[in-house]
Amino acid sequence: NGIAIIDRKNLNYLGKISLPSSTSNNYKNQLYTPNDQLLTIVSSDEDFEITVYKTSPNEMPSLRRKRTFSGQYIDSRLQNTHLYLLSGSYSPQPASDFYQQQTFQLEINTVDIHNDTLSLETLKLPANISNSAYWTANHLYLFASTFAWGSNRDTRIIKIALDSDLPPRVVATGDISGNIKDRWALKEYDDRYLSVATSLWD
């Protein structure tokens, strides 16, 4: 695994940045290129690593900083100097509760990519919320459906504010009737209204 570095002026090949190999079957990698920087996210089953490089014309990127986070990487959004990371992990299961379903706990880490320590704030989210994320310029929406055979689903939606001056915070929750298939069923407009397409049990 790696990233080929090519000079955009003359398309000359400058070299390659090697990325760690992943042992996960569902790993996700991500990269961003904000303001003379290259930022990579490489995930595995149990953790993910953020690496920040400085970029200059006709030169290979130079390493500036890196940090490893525990949990399964799900999604991210870069806004200005803040990187919002959505990740999750299963809660420990007591031996006496072998047949009990494990709880998947989501959290949002906010990383300042210009800080030498990649300083962060963490927001823990309610358990068993879907890891399908709908991002907008200023908000993140997460949702979870409950299901019973022969009846309609109810879906809870959580709205999280993303503000560069404040840590992420839950600003609203609501319940609607029906099932949300995926993030493409949601659409925000005017920064305050949310349109949701749902399906019902026949």
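The following questions and answers concern a predicted model of a protein chain.

Modeller: In this predicted model, local features need pLDDT of at least 70 and side-chain atom pairs count only at pLDDT 80 or more, while totals for chains, interfaces and linings use all residues. Residues are numbered from 1 along each chain as its sequence is written, and side-chain values use heavy atoms, with hydrogens and water left out.

Biologist: How many helices and strands are there in the protein chain?

Modeller: Helices (H or I, at least four residues) and strands (E, at least two) are DSSP runs, numbered from the N terminus. By this rule, the protein chain has zero helices and 16 strands.

Biologist: Is Thr-40 buried or exposed?

Modeller: Thr-40 belongs to strand β4, residues 37-43. Buried means under 20% relative accessible area, exposed over 50%, and partly exposed in between, with a 1.4 Å probe and protein chains only. Because its relative accessibility is 3%, Thr-40 is buried.

Biologist: Which residues is Glu-49 in contact with, leaving aside its neighbours within four places in sequence?

Modeller: Glu-49 is found in strand β5, residues 47-54. Contact means heavy atoms within 4.5 Å. With those neighbours left aside, Glu-49 is in contact with Pro-20, Thr-40, Ile-41, Val-42, Lys-66, Arg-67 and Thr-68.

Biologist: How many residues apart in sequence are the parts that Arg-183 and Asp-75 tie together?

Modeller: Arg-183 and Asp-75 form a salt bridge, their closest N and O atoms being 3.5 Å apart. Arg-183 lies in the loop between β14 (166-177) and β15 (186-189) and Asp-75 in strand β7 (residues 72-79), so the parts tied together are 108 residues apart in sequence.

Biologist: Why does Leu-11 count as exposed?

Modeller: Leu-11 sits in the loop between β1 (2-6) and β2 (13-18). Leu-11 counts as exposed because its relative accessibility is 64%.

Biologist: Which residues make a nonpolar surface patch of about 370 Å²?

Modeller: Patches are made of residues with over 30% relative accessible area and no salt bridge; like charges are joined within 9 Å, and nonpolar side chains (Val, Leu, Ile, Met, Phe, Trp, Tyr) within 5 Å. Accessible areas come from the Shrake-Rupley method with a 1.4 Å probe, and for residues only the protein chains shown count as cover. The patch is made by Ile-6, Leu-11 and Tyr-13.

Biologist: Which strand supplies the largest share of the lining of the largest pocket?

Modeller: On a 1 Å grid over the protein atoms alone, a pocket is an open set of points where a 1.4 Å probe fits, with protein on both sides within 12 Å along at least five of seven lines; lining residues have an atom within 4 Å of a point. The largest pocket is lined by 19 residues, of which Ile-6, Arg-8, Thr-55, Ser-56 and Pro-57 lie nearest its centre. Both β1 and β4 supply at least two residues of the lining. The largest share, three residues, comes from β1.

Key
Salt bridge = Lys/Arg side-chain N within 4 Å of Asp/Glu carboxyl O.
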